Amino acid sequence: MDKGSLVEIAEVLVGAALAIAGGFALLRPKLLSLIRDRESLAGSEEEIGKLRDRLNTQEERLHAKEQQIGSRKEALDEREDRVSETARLLDQREKLLQDRLSAAEIELERISCLDKDSAREIYLARIGEEFREIGAQRARAIEQEASLKAESKGKMLILEAMERNAAQYVTEATLAVITLPSEDMKGRIIGRDGRNIRAFEQTTGVDLIVDETPESVVISCFDPVRREVAKVTLLSLIADGRIHPGRIEELHEKAGASVQAVILNAGDSAAERAGISGLSPRIIETMGRLRFRTSYAQNVLDHSVEVSELCSSIAGEMQLNVEVAKRSGFLHDIGKALGSEWEGPHALTGMEFLLQQGEKESVARAVGAHHHDIEPSSPEAHVLIVADSISSSRPGARRESLDNYVKRLAALEALASRFPAVERAYALQAGREIRLLVKPEVIDDLGAARLASEVARTIESEMEYPGQIKVTVIRETRVHDVAK
């Protein structure tokens, strides 16, 4: 083959190659897109395979659950059948019981000779009695609760008043013991043939006791002022040394003037301590006489000041008339200082005396009512009664003789023993409490409560006592047996 042919062939081949290259360049993007689509289809087929596996797994689970549900339905059907059978049996038994109950009611009516309505009335009557007892118990519980609350509040009020007005007392007696400088002084006091002692007793109006007690003599008199005058007179005679009838009369006059000055000073001082003003001189002098009077060894003037302070505190806490309460508390025992010309209880004589001296009627009537000789007509009168009881009954304020103490306890026990259900009675705490042992077969618990109330009311009406007396009823049942 010649050279020209080869060149033509080469040109044809080059043109074909260029044409193929150009066509390939045009087809390349399409080929790349097809390759990517094929790869994407391969990934989708793989994901579709995974989803198909999941669906197969869920289908297996659902099939298992369907089998479980079917088993449970069968069990529930069986249970429902059993319940229906049980209900049928219960209905039969209920009907049988109703028949037997009707037959029993008919037989019971025949045996008891009572119809249903009569039996119902008897039953309701018994229930009513039981509920009445329950109601009484609840009423007693409510009453006790209210009483405790009122008592607690009252105690707080009174304790606050007492804390602010604490007073101390020195025990005083109705006898005055005079210490002598020597035993020879007894002979000089008696005098020749008893001349001096007779003159002394006639002048002073007291009893002079000269016994074997070494270096002392005793002045005895129920009038405290007269006893004080005699005491001052005898002390002056001993100090002077000249003891004869004339000197006794002279020193007795001086002692009377001296004691009168003490009385006036004591009245003024007490009124000042109590914060009382505007009292007439006669009232001050009369109150001063209480300086020498005692009640169960409690000084009456100091007691009056304490009662006035207690009245003031209590009335202030209760928002009452403090001036009336305080004034009536200070003057409440003024009747004890009046002479024998005033007849009647000291509360009433004190009220009449205060009215004569121009005191307010509210104060005088409170004084007259502090021992319930007249009915209390004002809240301040009730405050005075409470304050007087507090001052008189608190521990250590008063003292009584052994004989009176024993008699009071015996009278308290005898009064409680009068009640038929009481087996034994014991007075405790110096007569502040009485305990009653009752017969359990005679009285029940509610009756014991009624008995305590009855005994308390009887003590209030028949006995006089300071403060309060607690009544305790003890009902005890003991059961014994013997093991053999």
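I looked up tryptophan 342 and found it buried, at 19% relative accessibility. Buried means under 20% relative accessible area, exposed over 50% and partly exposed in between, with a 1.4 Å probe and protein chains only. This is a predicted model: local features need pLDDT of at least 70, side-chain atom pairs count only at pLDDT 80 or more, and totals for chains, interfaces and linings use all residues. Residues are numbered from 1 along each chain as its sequence is written, and side-chain values use heavy atoms, with hydrogens and water left out.

I then searched for aromatic pairs and found one. The rule takes rings of Phe, Tyr and Trp (its six-membered ring) with centres within 6.5 Å; planes under 30 degrees apart are stacked, over 60 edge-to-face, the rest tilted. The ring centres of tryptophan 342 and phenylalanine 353 are 5.9 Å apart and their planes stand at 85 degrees, so I logged the pair as edge-to-face. Tryptophan 342 sits in the loop between α9 (322–331) and α10 (346–356), and phenylalanine 353 in α10, so the pair ties together parts 11 residues apart in sequence. Helices (H or I, at least four residues) and strands (E, at least two) are DSSP runs, numbered from the N terminus. Phenylalanine 353 is buried too, with a relative accessible area of 1%.

**The sheet**

Next I traced an open sheet of three strands, in the order β6-β7-β8, with mixed pairing. Strands pair if DSSP finds at least two bridges between them. The edge strands, β6 (422–428) and β8 (470–475), each pair on one side only. I read an average twist of 20 degrees from one strand to the next. Strands β6 and β7 (residues 433–438) run antiparallel over six bridges. Valine 422 is opposite valine 438 in β7. Helix α14 (residues 445–462) packs on the sheet and touches β6, β7 and β8. Contact here means heavy atoms within 4.5 Å.

**Salt bridges**

I counted 17 salt bridges, each a side-chain nitrogen of Lys or Arg within 4 Å of a carboxyl oxygen of Asp or Glu. Glutamate 433 meets arginine 435 at 2.9 Å, N to O. Glutamate 433 is buried at 4%, whereas arginine 435 is partly exposed at 35%.

Notes
Axes fitted to C-alpha atoms, helices over the stretch in contact; angles between N-to-C directions.
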